[in-house]
Amino acid sequence: MKSNLDTQENYKCNKCKDRTFILVDNEAVPCECRALREAESILRNSGISEEFSKKTFENFNYSINNLAISIYTVAKLYAKNFKDIECDKYNSVIFMGRSGCGKTHLSLAIANYFMQNGIGVVYMNYREDMTAIKQNILDPVVYNKYLNRYKNARVLLIDDLFKGNITPSDINIIFEIINYRYFNNKPIIVSTEKYKSDLLKIDEAIGSRILEMCDKFNIQVRGNGLNYRING
């Protein structure tokens, strides 16, 4: 004879039994876990899920030099204070500068920390996802589905913003996403090889909004003193 434990199913969410909907007055409404499940699905389908799961604060090598410590400190402070500042105007973080300094690692470490604490994150690989968006620009349904995902995510992580050639379409798409998030106080995590002056030069409206959102949490990596991929 089977015990209750033998027949009990294990669910990520016992409230909705992983259906992501619950009945309230005979009406199906989204469960509080739905956003998190959707974020996990997006991350799994993004092609970075394995990397995502490995990028943590614990395995970032901040002992390389003082600059690595500074980058790590900004990321950790942001993650720890996020719940207190999420609804504020300055609720975002940006890592700027040279390739190989750990910007992506720490961006993903923040996202991983958030996910572990029930905060949904949507990952945007700038070069790959921008290509996919532009390929569907003539299909309003698919195009708006992409944009709404990035505009409405609780937290949006943009990795390698403005890497490669930048077209007017790229600027228009990023402006639509950033502008919406800016006016709705929706946080962003950004990694980019550009500096503050570069962002403003590419597009002042985009650059000024991002820098304002990240006014309290930002760092620029300059010089040749740190190459995380080599030394990390």
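A crossing of two helices is called left-handed if the near helix is turned anticlockwise from the far one by less than a right angle, and right-handed if clockwise. Helices (H or I, at least four residues) and strands (E, at least two) are DSSP runs, numbered from the N terminus. The model here is predicted, so local features need pLDDT of at least 70 and side-chain atom pairs count only at pLDDT 80 or more, while totals for chains, interfaces and linings use all residues. Residues are numbered from 1 along each chain as its sequence is written, and side-chain values use heavy atoms, with hydrogens and water left out.

Take helix α8 to begin with. α8 passes α10 (residues 204-213) in a left-handed crossing, and the two axes come within 9 Å and cross at roughly 35°. Axes are lines fitted to C-alpha atoms, for helices over the stretch in contact, and angles run from 0 to 180 degrees between N-to-C directions. Contact means heavy atoms within 4.5 Å; on the α8 side, the residues that meet α10 include I171, F175 and Y182, and their partners include I206 and M213.

What about α7 (residues 140-152)? Its axis and that of α8 (residues 168-183) come within 9 Å and cross at roughly 40°. That makes α7 oblique to α8, given that angles under 35 degrees count as roughly parallel, over 145 as roughly antiparallel, 65 to 115 as roughly perpendicular and the rest as oblique. This time the crossing is right-handed. Y143, L147 and Y150 are among the α7 residues in the contact, with I173, I177 and Y180 among those of α8.

Now for the strands, where two of them pair if DSSP finds at least two bridges between them. An open sheet has five strands in the order β4-β5-β6-β3-β7, with parallel pairing. At the edges stand β4 (121-125) and β7 (218-221), each with a single partner strand, so one side of each has no neighbour in the sheet. Five bridges join β4 to β5 (residues 155-159), and in β5 the bridge partner of Y123 is L157. Helix α5 (residues 103-116) packs on this sheet, touching β3, β4, β5 and β6. α8 packs on the sheet as well, touching β4, β5 and β6, and its direction makes about 145° with that of β5.

Elsewhere, β1 (residues 21-24) and β2 (residues 27-30) pair in the antiparallel sense over four bridges. They form a hairpin with two residues between them, and D25 in the turn has a positive phi of about 55°.
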